[in-house]
Amino acid sequence: MKNILLPTDFSDNSWNAIKYALQLFKDETCNFCLLNTYTPIFYHTEQALVVAPAMNLESIVRENSENRLKEMIHRMEKEFGNPNHSYSSIAAFNTLISEIDELYRSNVMELIVMGTKGASGLKEVLFGTNTVHTIKNTKCPVLAIPDTFEYEAPHEILFPSDYEVSFTEEQVKPVIDIAKNKHARVTVLHVSYGQDLTEKQEENKNTLASYFKPISSVFHDVNNQDVSTAISNFQIKARINFLVMINNKHSFFENVFFKAKVNQIGFHLNIPFLVIPSKNN
């Protein structure tokens, strides 16, 4: 059974991500755990002024959170009634990142699916703060769904890599599972400025190829383009509808995707984006 965490703030954006998850895993036995975190505003004010009111406020906010989670589970069951799926919920007086960390240490989930927030008036897609922090800090894979993306089964999966990661079977298993279940092809995209692969890169590439033997896969090289441009161009040309990357901190992943000041995607991201933490993340 897959255990999947679905953070929600009860917005249309988070509901869109939930719908995607329910359809992506419709043929698999899953438990979906809805998570809503809350921190009443009075909790952050002077303690001496708000001890009793804060306790009352926390109770009110918790009850509201629990009720809305129940309503959402009812909606999930009504619209996507699936005997393969079970549901649970958590209303937590905590920040999202802290709660996710605690749940991960308690083995509650193996995958997080959450929505991304589009930026109106801008060509680039900006991730919301919660999504950015979750992707950067979580120790399990995160699948981010753009708020305007209507579900379609993955058929062409793009996996950019600089081959600097020593891949493990556990890391690539989510990609292999999705490719198998959806009969999708995985394209591994390597971008360079003409340099030959080092011995270590060749070794990592061969390891990845061995893991991908059970699925349809192809390895593609692009020269003399920056990585974000190469990904964007390839995404359009090959009708890619699912993107996967290893979050190898301080190298390829962060340098390409997250600019230090604005946490801004460096190309037009409008497809689901699976981020897998590196083994030493």
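How many of the six residues of S4 are buried? Six of the six are, so strand S4 is largely enclosed by the rest of the structure. Here, buried means under 20% relative accessible area, exposed means over 50%, and partly exposed falls in between (1.4 Å probe, protein chains only).

A quick note before the views. This is a predicted model, where local features need pLDDT of at least 70 and side-chain atom pairs count only at pLDDT 80 or more, while totals for chains, interfaces and linings use all residues. Residues are numbered from 1 along each chain as its sequence is written, and side-chain values use heavy atoms, with hydrogens and water left out.

**View 1. Ten strands line up in an open sheet.** The order is S3-S2-S1-S4-S5-S10-S9-S6-S7-S8, with mixed pairing. Helices (H or I, at least four residues) and strands (E, at least two) are DSSP runs, numbered from the N terminus, and two strands pair if DSSP finds at least two bridges between them. Strands S3 (85-93) and S8 (216-223) stand at the edges with a single partner strand each, so one side of each has no neighbour in the sheet. From one strand to the next, the twist averages 25 degrees.

**View 2. Strand S4 sits between S1 and S5 in the sheet order.** S1 and S4 run parallel and are joined by two bridges; here Ile4 stands opposite Leu111 in S4. On the S5 side, five bridges join S4 to S5, again parallel, and Ile112 stands opposite Val142 in S5.

**View 3. Helices H1 and H3 lie across the strands.** H1 (residues 12-24) lies across S1 (2-7), S2 (30-38), S3, S4 (111-116), S5 (142-146) and S9 (242-247), running at about 120 degrees to S5. H3 (residues 96-105) lies across S1, S2, S3 and S4, at about 145 degrees to S2. Axes are lines fitted to C-alpha atoms, for helices over the stretch in contact, and angles run from 0 to 180 degrees between N-to-C directions.

**View 4. Asn241 is a buried loop residue.** Asn241 lies between helix H7 (227-237) and S9, and counts as buried at 1% relative accessibility. Its side chain reaches the backbone oxygen of Ala153 at 2.9 Å and the backbone nitrogen of His155 at 3.0 Å. Not counting residues up to four places away in sequence, Asn241 touches Phe149, Glu152, Ala153, Pro154, His155, Glu156, Ile271 and Pro272; contact means heavy atoms within 4.5 Å.

**View 5. Lys213 is an exposed loop residue.** Lys213 lies between helix H6 (199-211) and S8, with a relative accessible area of 70%. Its C-alpha atom is separated by 9.6 Å from that of Ile176, 37 residues apart along the chain.

**View 6. The largest pocket has a volume of about 520 Å³.** A pocket is an open set of points on a 1 Å grid over the protein atoms alone, where a 1.4 Å probe fits, with protein on both sides within 12 Å along at least five of seven lines; lining residues have an atom within 4 Å of a point. The volume is the space filled by probe spheres set on the points. Of the 23 lining residues, Glu110, Cys140, Pro141, Glu170 and Pro174 lie nearest the centre. S1, H5 (169-182) and S10 (273-277) give two or more residues each, and H5 gives the most, with six.

Technical notes: Polar contact = N/O pair within 3.5 Å; in protein donor to acceptor, adjacent residues only side chain to side chain.
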